[in-house]
Amino acid sequence: MVSYFIIGIILGIIAVAVLLRVLVKRSYSKRRRSRRELFFTPEYKRAGVRGEEAAVRAIRTILQEDDHMLTNVKIAYDGRPTELDAVIVNKYGVFIFEIKNYVGLIVGGENDYEWQKNKITAAGNTYEKKVKNPIRQVKRQIFILAHYLEYYGLRVWVKGYAILLQDNSPVESDYLLHSVADIDRAIHTRDRTLLSADTVDAIIKLIS
């Protein structure tokens, strides 16, 4: 009788511990989601859907009538080629977006050439891999695109941002955007002279 009683107590304690863990995890996840409107909905998380394509679909939801988005733009300046995941051109300016879907714990600094990605498998094995630093990438892309446009007589201000779809950047930076709402503000906020319709058309023709 005593042994069954003790076993019952132990099982009860285990059940309470498991329940508390689930509640704490849900509370943390809810707080994290409430801080920012993340890119992914369950639709975007389905297996087989590339992160870049998912992000582009999400960005399209906030585009306005005069926004023009081009994807996989390939340009080169002074022998330096680059491919831009997405570029939005509108009256507010030219905006580059470098999209990454890194999974795992990322370690690195804003100016590091590469970051380290650490991923733990379901079996408990840890894998380390070097990945490109998207902030450094987008800074390079800004330089190339701005000079490319200037070469053809278009001196316009180019901005660029990195987007980590898993929101796991190891640093905070002005070059990082965390949500669709962040992108909306970035591309629809005036901080310089508005571009004319002719200039917008000329830019689109050059990078299409």
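Predicted model: local features only at pLDDT ≥ 70, side-chain atom pairs only at ≥ 80, totals over all residues.
Local features were taken only where pLDDT is at least 70 and side-chain atom pairs only at pLDDT 80 or more, whereas totals for chains, interfaces and linings use all residues. Residues are numbered from 1 along each chain as its sequence is written, and side-chain values use heavy atoms, with hydrogens and water left out.

The secondary structure comprises 5 helices and 8 strands, assigned as DSSP runs (helices H or I, at least four residues; strands E, at least two) and numbered from the N terminus. From the N terminus on, the order of elements is α-α-β-β-β-β-β-β-α-β-β-α-α. Of the 208 residues, 38% are buried (under 20% relative accessible area; exposed is over 50%, and partly exposed lies in between; 1.4 Å probe, protein chains only). The protein exposes about 13,200 Å², of which carbon and sulfur atoms supply 53%; accessible areas come from the Shrake-Rupley method with a 1.4 Å probe, and for residues only the protein chains shown count as cover. Among contacts (heavy atoms within 4.5 Å) between residues at least 6 apart in sequence, 60% join residues at least 24 apart.

Side chains of opposite charge can pair when their charged atoms come close. A search of the whole structure finds 5 salt bridges, each defined as a side-chain nitrogen of Lys or Arg within 4 Å of a carboxyl oxygen of Asp or Glu. One of them joins Lys 100 and Glu 98, at an N to O distance of 3.1 Å; Lys 100 and Glu 98 are both buried. Another is formed by Asp 191 and Lys 159, at 2.4 Å, N to O. This pair links distant parts of the chain, 32 residues apart: Asp 191 is in the loop between helix H4 (180-187) and helix H5 (197-207), and Lys 159 is in strand E7 (residues 158-164). Asp 191 counts as partly exposed because its relative accessibility is 45%, and Lys 159 counts as partly exposed at 23%. A further salt bridge connects Asp 182 with Arg 185 (2.4 Å, N to O). Asp 182 and Arg 185 both belong to helix H4 and are 3 residues apart, about one turn of the helix. With a relative accessibility of 16%, Asp 182 counts as buried.

The second largest pocket has a volume of about 230 Å³. Its lining consists of Thr 82, Tyr 113, Lys 132, Arg 136, Gln 137, Arg 140 and Gln 141. Helix H3 (residues 134-151) gives the most to this lining, with 4 residues. On a 1 Å grid over the protein atoms alone, a pocket is an open set of points where a 1.4 Å probe fits, with protein on both sides within 12 Å along at least five of seven lines; lining residues have an atom within 4 Å of a point.

Helix H3 also contains Ile 135, which is buried, with a relative accessible area of 0%. Ile 135 and Asp 112 are 23 residues apart in sequence, with a C-alpha to C-alpha distance of 9.1 Å. Asp 78, in the loop between strand E1 (68-77) and strand E2 (80-90), is exposed, with a relative accessible area of 60%. Asp 78 and Ile 144 are separated by 66 residues in sequence and by 8.5 Å in space, C-alpha to C-alpha.

Key
Points joined across faces, edges and corners; volume = space filled by probe spheres on them.
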